[in-house]
Amino acid sequence: MSTGFKFTPKMLGIICNWCCYGGADLAGVSRFQYPPYIKLIRVMCSGRVDMEHVFRAFSKGADGVFVGGCHLNDCHYITNGNYDAYGMVQLCKKLMEHIGINPNRLRIEWVSAGEGIRFANIMNEFSVEIEKLGPLGKSEGIDENALKSKLEAVTNLVPYIRLVERERLRVPFRSEEEYQKFFTSDEFNRLFEETIAEKLSISQIVSLLREGPLTTGEIAKVLGLTPSEVSRHLNSSSRQRFVRYDEGLKCYALA
Ligand code: FES
């Protein structure tokens, strides 16, 4: 029996002023339809979109986030900010995957000011995908508190991740091929594991313990890690004096 409940997603689009916004405007003027629940924010260049904006949007309840810019090599700034946006989105997707959120909830596309129909088509396609995925967290099997703490853990780590991105994860050539090659390479996965994965797990543990003391098993269950992985992170966090073992409660708490 149908419950009659229809899921209406909350979706945010952060789009550049010079091209993608022009495309959105043209879609409106041309009366090309797309769902009204997609809220748009205009920025001067897609390169201004930061991973903190993306995770803040998810923390505030967005089920899907769209980043739109000028076509690659058509950015209106000499820094070619859309390549930075592309790299930022690939890294965000990897972070989402790591904390158990479907990375398809984040999408980046290029739309020129003359492509109103393309803008509307992308919005329609993306909204159908998010409707199919369902509410953020629920469809990933993550309860509300765990979702909050996972997103908080990533957000707290953003300043560090920005540094790593600048120092270790920059692609030297501004070419679509080079970017695609790098972000799908074993080298990228290796660098992510080496520089970010462990810190992110520790950040998640610290966020969880803010809610109260937990056993290794309880932490492992929420984070989807094995107890031995959690023990390794707890040992490392204890050495750095982030957490401590409470002998009385027989569980871990913040130091
Ligand atoms: Fe549009 Fe840079 S100005 S992406």
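**Note on backbone, surface and helix packing**

1. At 71% relative accessibility, R31 counts as exposed, since the cut-off for that class is over 50%. In this predicted model, R31 is placed in the loop that runs between α1 and β2 (38-43), and its phi is positive, at about 60 degrees, although the residue is not a glycine.

2. A positive phi also occurs at N80, where the value is near 50 degrees in a residue other than glycine. N80 sits in the loop between β3 (64-69) and α3 (81-98), and with a relative accessible area of 17% N80 is buried, the limit for that class being under 20%.

3. On the surface, W18, M44 and Y77 form a nonpolar patch whose members together have about 300 Å² of accessible area. Of these residues, W18 belongs to the loop between β1 (11-16) and α1 (20-29), and its relative accessible area of 39% makes W18 partly exposed.

4. For the helix packing, the axes of α2 (residues 51-59) and α5 (residues 144-168) come within 9 Å and cross at roughly 170 degrees. Because angles over 145 degrees count as roughly antiparallel, α2 and α5 are described as roughly antiparallel to each other. On the α2 side the contact is made by M51, E52, F55, F58 and S59, while α5 contributes L151, V154, T155, V158, I161, R162 and E165.

Terms used
Residues are numbered from 1 along each chain as its sequence is written. This is a predicted model: local features need pLDDT of at least 70, side-chain atom pairs count only at pLDDT 80 or more; totals for chains, interfaces and linings use all residues. Side-chain values use heavy atoms; hydrogens and water are left out. Patches are made of residues with over 30% relative accessible area and no salt bridge: like charges are joined within 9 Å, nonpolar side chains (Val, Leu, Ile, Met, Phe, Trp, Tyr) within 5 Å. Accessible areas come from the Shrake-Rupley method with a 1.4 Å probe; for residues, only the protein chains shown count as cover. A salt bridge is a side-chain nitrogen of Lys or Arg within 4 Å of a carboxyl oxygen of Asp or Glu. Helices (H or I, at least four residues) and strands (E, at least two) are DSSP runs, numbered from the N terminus. Buried means under 20% relative accessible area, exposed over 50%, partly exposed in between (1.4 Å probe, protein chains only). Axes are lines fitted to C-alpha atoms, for helices over the stretch in contact, and angles run from 0 to 180 degrees between N-to-C directions. Angles under 35 degrees count as roughly parallel, over 145 as roughly antiparallel, 65 to 115 as roughly perpendicular and the rest as oblique. Contact means heavy atoms within 4.5 Å.
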